[in-house]
Amino acid sequence: MLALLGSTFITVFLAELGDKTQLAIVSISGTTNRPGAVFAGSAAALVLASLVGAAAGGSLASLIGPDVLQLGASVGFLILGARLILRSSRSQGEETPTP
């Protein structure tokens with residue numbers, strides 16, 4: 001169980017570094033002199049979001065096999081990545097002036 005706890009912590013910690021959520025927290029902290037309150041609010045939000053994800057994953061795992069769940073998550077991330085790449089390449093093409 002300790003290995004699962006550690007791997008989950010490391011995965012989420014690394015995924016959140018430089019994420020939009022962290023940038024939003026930096027932005028909010030810059031507008032107040034109460035960074036502790038910003039930390040408490042953002043920590044509570046992350047805990048709640050993680051609880052929803054863990055509950056949903058646990059519920060789905062009882063209905064769908066773990067291999068199918070991992071495949072679905074992988075396909076979802078591939079689709080999101082492809083859409084971001086396409087959107088980025090389109091916006092770069094619009095910014096480039098034609099001679």
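Residues are classed here by relative accessible area, computed with a 1.4 Å probe over protein chains only, as buried under 20%, exposed over 50% and partly exposed in between. The structure is a predicted model, in which local features need pLDDT of at least 70 and side-chain atom pairs count only at pLDDT 80 or more, whereas totals for chains, interfaces and linings use all residues. Residues are numbered from 1 along each chain as its sequence is written, and side-chain values use heavy atoms, with hydrogens and water left out.

The protein chain contains four helices and zero strands, and its elements follow the pattern α-α-α-α along the sequence; helices (H or I, at least four residues) and strands (E, at least two) are DSSP runs, numbered from the N terminus. The radius of gyration of the protein chain is 19 Å, while a compact globule of 99 residues would have a value near 13 Å, where the radius is taken over C-alpha atoms and the globule rule is 2.2 Å times the number of residues to the power 0.38. Along the principal axes, the C-alpha atoms occupy a box of roughly 60 × 45 × 20 Å, and buried residues account for 1% of the 99 residues.

Helix 1 comprises 15 residues and spans 21 Å from its first C-alpha to its last, close to the 21 Å expected at 1.5 Å a residue, the expected span being 1.5 Å times one less than the number of residues. The number of buried residues among these 15 is zero, so helix 1 lies largely in the open. Just after helix 1, Gly18 adopts a positive phi of about 75°.

The count of aromatic pairs comes to one, given that rings of Phe, Tyr and Trp (its six-membered ring) pair if their centres lie within 6.5 Å, with planes under 30 degrees apart counted as stacked, over 60 as edge-to-face and the rest as tilted. The ring centres of Phe9 and Phe13 are 5.8 Å apart and their planes lie at 15°, so this pair is stacked. Both residues belong to helix 1, four residues apart, about one turn of the helix. Phe9 counts as exposed at 55% relative accessibility, whereas Phe13 is partly exposed at 44%.

The largest pocket has a volume of about 460 Å³. A pocket is an open set of points on a 1 Å grid over the protein atoms alone, where a 1.4 Å probe fits, with protein on both sides within 12 Å along at least five of seven lines, and lining residues have an atom within 4 Å of a point; grid points are joined across faces, edges and corners, and a volume is the space filled by probe spheres set on the points. The lining of the largest pocket consists of 14 residues, of which Val12, Phe13, Glu16, Ala43 and Leu46 lie nearest its centre. Helix 1 (2-16), helix 2 (20-29) and helix 3 (35-63) each supply at least two lining residues, and the largest share, six residues, comes from helix 1.
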